[in-house]
Amino acid sequence: MSALLAVRDLSVTLRSGGEARMLAQDVSFDVARGQILSIVGESGSGKSMTAKALMGLLPPNATVSGEAWFRGANLLAKGSAPCRGTGIGLIFQEPMTALTPVLTIGTQLTEAMVVLGLADPAEARRRAIAMLDRVGIPAPDRRMRQYPHELSGGMRQRVMIAMMMLLEPEILIADEPTTALDVTVQAQILDLLRDIVRDTRIGLILITHDMGVVAETAQDVLVMKAGRTIEAGPVARIFTAPSAPYTRALLDAVPRLDRPGSSAGMVAGAAAGKTLLSAGHVSKTFHARAGLFASGLATRALDDVSLDIRQGETLALVGESGSGKSTLGRVITRLTDADHGAVTLGEENLLTLRGKSLRAARRKIQMIFQDPYASLDPRQRIGTSIAEPIAIHTTLSRAERQDRVGGLLARVGLTPEMAARYPHEFSGGQRQRIAIARALAAGPVLIVADEPTSALDVSIQAQILDLLADLKREEGLTMLFISHDLAVVRQIADRVAVMRQGRILELGPTEAVWTAARHPYTRALIDAAPVPDPTRPRGVRRPVSGDFAIGALREAALGHWVAT
Amino acid sequence: MWRFLSTRIAMGALTILATTVLVTLLIHAVPGDPVQIMYAQSQGTTPEQIEEVRRSLGLDRSIPVQYAMFMERLLQGDLGTTIRGGQPVLDVILQRLPNTLVLACSAMFIAIVIGIPIGFLAAYREGSLVDTGLMILAIAGISMPHFWLGLMLLFFFALELGWLPVSGNGPLNLILPALTLGLSNAAIFARLTRSSMIDVMHQDFVQTAYAKGLPKSLVLRRHVLRAGFLPVVTMMGLQFAFMMGGAIVVENIFSWNGVGRMAVEAIFQRDYPVIQGFILTFSVVVVVVAIGIDALYAVLDPRIRRA
């Protein structure tokens with residue numbers, strides 16, 4: 001089969017402030033009809049720039065060289081008309097911002113068809129409704145009149161796919177199309193893309209950082225790093241016999257949902273630990289205020305949640321967006337006040353503390369946030385940031401504090417000299433190490449980590465998870481680990497609590513939950529998560545839908561609780 | 001949509017109510033006896049006359065009673081009578097208010113038709129010499145005080161060139177004061193439009209529009225303009241209030257017979273009923289404009305309508 005699109009030696013150079021950087025260098029690949037090619041890489045690998053170059057959407061300060069043959073013309077030649085829309089379609093990562101907020105779905109779906117002369121307005125409307133139906137959107141008639149903010153993230157991504165498919169392109173480029181979505185929605189969107197490729201025989205270029213997504217969808221893989229092609233080949237060979245060391249390292253770094261984690265061996269010891277912190281019947285409802293006089297919608301973020309955290313264990317809270325997992329973490333750290341319930345640490349109910357005793361209790365529970373770019377004060381030297389909790393909670397002298405900061409930096413894998421630097425001088429992974437050092441500085445008994453690795457590249461994520469596992473083993477750190485990523489949780493947690501719509505549906509030892517999930521929602525979540533193993537049968541995952549049991553927890557096996 | 005607007009209208013009514021309280025207290029905010037001060041400039045006023053005025057203004061009663069009296073008269077459409085001349089204040093204001101509104105609206109029109117296209121052009125050519133040049137012009141426009149720009153326009157177009165009349169109240173007389181008030185606001189609109197449009201042009205949904213194969217002109221017209229217009233609309237409401245304030249200065253420079261000039265005269269003459277009426281009228285105009293802007297906002301942005 002001859003190639004639909006043949007890219008040869010594509011290079012992109014970005015010029016800014018008199019400095020030229022190569023963002024992509026000599027990238028070559030072919031895409032055939034009905035083929036799914038995945039371009040894989042971490043941030044800065046040049047995978048998105050390659051896509052933008054093909055679309056002619058590079059920023060004005062970028063120059064491109066090489067060839068990209070499509071329909072007998074070179075897309076990269078100067079003055080060549082771009083084949084946007086009818087030739088090549090593009091789907092973006094963030095469905096929340098990729099649709100124009102002030103125009104109806106209908107307008108956005110039909111306008112290009114009309115402008116490009118594919119259909120008259122009435123015909124365009126008819127096709128748009130049929131396409132919405134095709135991509136699995138219920139009540140398509142009504143959707144046409146709605147605005148993007150009235151649809152969920154998954155729905156918007158379907159609209160986006162419909163919008164591009166209406167122009168009948170021969171190539172579709174999907175740039176991280178599921179990264180911003182919940183795992184169950186991600187599974188549905190990947191299924192949809194696979195179906196579309198099968199039915200319409202278009203070529204799909206799937207850009208992603210997620211090896212699981214690659215294994216589930218692609219036939220061929222191109223691995224990129226720092227703008228260069230590291231390795232290319234059929235998906236089965238890349239996964240089973242990668243020739244480049246970088247590919248192997250990338251695969252090794254991916255947490256495996258289908259294999260037990262490194263910390264599993266310590267479960268026995270942790271299970272024997274005493275209860276450190278206990279949350280009882282915690283409820284929290286958020287009221288969205290519609291105006292000064294109007295009371296808005298109420299959202300139940302936490303609905304009668306009870307759980308214990310034991311000394312020395314890592315307890316994971318798992319759930320999709322809106323499950324209440326972050327709210328529970330914030331209630332325990334008193335960043336959000338609960339409506340009802342108690343959180344006891346030792347003899348104290350944390351939720352009723354005020355003033356001095358609250359400040360004293362805060363020292364014992366420290367937090368690590370998701371985004372290390374936002375959680376460190378950019379105007380403060382990192383040494384000052386780390387020393388702050390020490391200064392507040394102890395009476396150490398300045399020199400002693402500096403010693404302590406140096407020790408903490410060394411503990412998280414940095415050097416004491418780095419204390420004098422500012423956050424912007426560090427990479428994302430280093431910043432998260434700094435955030436961990438800051439959390440440890442106060443000498444906490446519990447660390448609440450809210451998605452601490454979600455903003456990091458997979459190889460960096462592996463390092464941070466290793467660091468957290470080390471701290472747990474060597475210092476007996478107790479941690480509440482909040483995450484949407486089941487594979488990460490399986491690797492690091494001793495016990496796991498599955499949350500949905502403000503309630504805990506299943507709670508038990510990690511291995512027991514994985515190998516013998518008792519609640520249907522847990523099973524659906526595990527089924528939906530992509531597994532980096534191309535030999536697994538594809539498209540067998542069932543979408544999560546319907547009602548689940550949300551009643552009181554009942555002990556189904558020793559230490560394994562399930563909602564009834 | 002209607003719920004959104006009805007809350008806005010209720011808030012506006014509250015704002016005006018708060019103004020009435022402030023207006024009643026205003027007379028006591030000035031040190032000394034207000035009636036004494038009012039008549040300080042006129043000779044031959046007997047203590048009996050002063051006592052009579054004090055009683056007629058209700059100044060011999062407690063402040064809450066004064067407020068109640070003020071509100072009672074206000075609800076009957078009575079703002080009192082002027083100290084000088086004894087005409088009903090409402091008539092004096094209504095007679096002059098149209099002049100000020102015509103001036104402010106003309107200035108607004110000038111600000112919009114000059115400022116927004118300039119801002120859009122600068123955004124379209126971001127980083128070019130055209131952009132830099134236009135923005136230097138805009139900063140000059142913002143930095144120039146009204147009275148200075150007004151005097152300069154007066155000097156060149158009225159005195160040197162003799163194209164336009166120096167002062168008075170005809171259609172031709174409107175041009176110079178409206179330009180004075182409009183140009184500096186045009187500069188503000190130009191800067192805001194530029195930054196807002198540039199902001200929108202870098203958003204994902206604009207990339208989506210290009211990815212669909214839409215031509216640049218349509219992307220700008222349909223996707224960028226409307227979204228980028230929202231902050232400008234907010235600014236229009238705020239600027240209209242400032243323009244009403246700016247009218248006070250400009251009306252005096254060009255002897256334009258509006259409420260601004262009336263207010264300055266009243267302040268010099270300590271004509272309290274007129275000042276009270278002026279403040280109240282002003283607040284009503286500003287509140288009405290603000291509600292109008294909110295309605296426009298809801299039309300432009302579907303996300304507001306639900307709230």
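## Contacts of L277(A)

Two residues are taken to be in contact if their C-beta atoms, placed from the backbone, lie within 7 Å. In this predicted model, and with neighbours within four places in sequence set aside, L277(A) is in contact with I309(A), I332(A), V343(A), L345(A) and L446(A). L277(A) belongs to strand β11 of chain A, which covers residues 275–287.

Is L277(A) buried or exposed? A residue counts as buried if 20 or more other C-beta atoms lie within 10 Å of its own; L277(A) has 23 such atoms within 10 Å and is therefore buried. Between L277(A) and V488(A) there are 23 Å in space, C-alpha to C-alpha, and the two are 211 residues apart in sequence.

## The four-stranded sheet of chain A

Chain A contains an open sheet of four strands in the order β2-β1-β4-β5, with antiparallel pairing.

## Strands β20, β21 and β22 of chain A

Strand β22 of chain A (residues 560–563) pairs in the antiparallel sense with β20(A) (residues 503–509) over two bridges. Strand β21 of chain A (residues 553–557) also runs antiparallel to β22(A), and four bridges join them. W561(A) in β22(A) is the bridge partner of L507(A) and also of E555(A).

β21(A) and β22(A) form a hairpin with two residues between them. In its turn, G559(A) has a positive phi of about 70 degrees.

## Helix packing in chain B

Two packed helices are described by the angle between their axes and the distance between the axes. In chain B, the axes of helix α8 (residues 171–201) and helix α10 (residues 216–253) come within 9 Å and cross at roughly 160 degrees. The angle makes α8(B) roughly antiparallel to α10(B), since angles over 145 degrees are placed in that class. The crossing of the two helices, α8(B) and α10(B), is right-handed.

Residues of α8(B) that meet α10(B) include P177(B), L181(B), I188(B), F189(B), L192(B) and M201(B). On the side of α10(B), the residues include V224(B), P231(B), M235(B), Q239(B), M243(B) and E251(B). By class, the contact of α8(B) with α10(B) has 16 nonpolar, seven polar and one charged residues.

Conventions
Residues are numbered from 1 along each chain as its sequence is written. Chains are lettered from A and ligands numbered from 1 in the order in which they are written. This is a predicted model: local features need pLDDT of at least 70, side-chain atom pairs count only at pLDDT 80 or more; totals for chains, interfaces and linings use all residues. Two strands pair if DSSP finds at least two bridges between them. Axes are lines fitted to C-alpha atoms, for helices over the stretch in contact, and angles run from 0 to 180 degrees between N-to-C directions. Angles under 35 degrees count as roughly parallel, over 145 as roughly antiparallel, 65 to 115 as roughly perpendicular and the rest as oblique. A crossing is left-handed if the near helix is turned anticlockwise from the far one by less than a right angle, and right-handed if clockwise. Ala, Val, Leu, Ile, Met, Phe, Trp, Tyr, Cys and Pro count as nonpolar, Asp, Glu, Lys and Arg as charged, and the others, Gly among them, as polar. A residue is buried if 20 or more other C-beta atoms lie within 10 Å of its own, exposed if 12 or fewer, and partly exposed in between; C-beta atoms are placed from the backbone.
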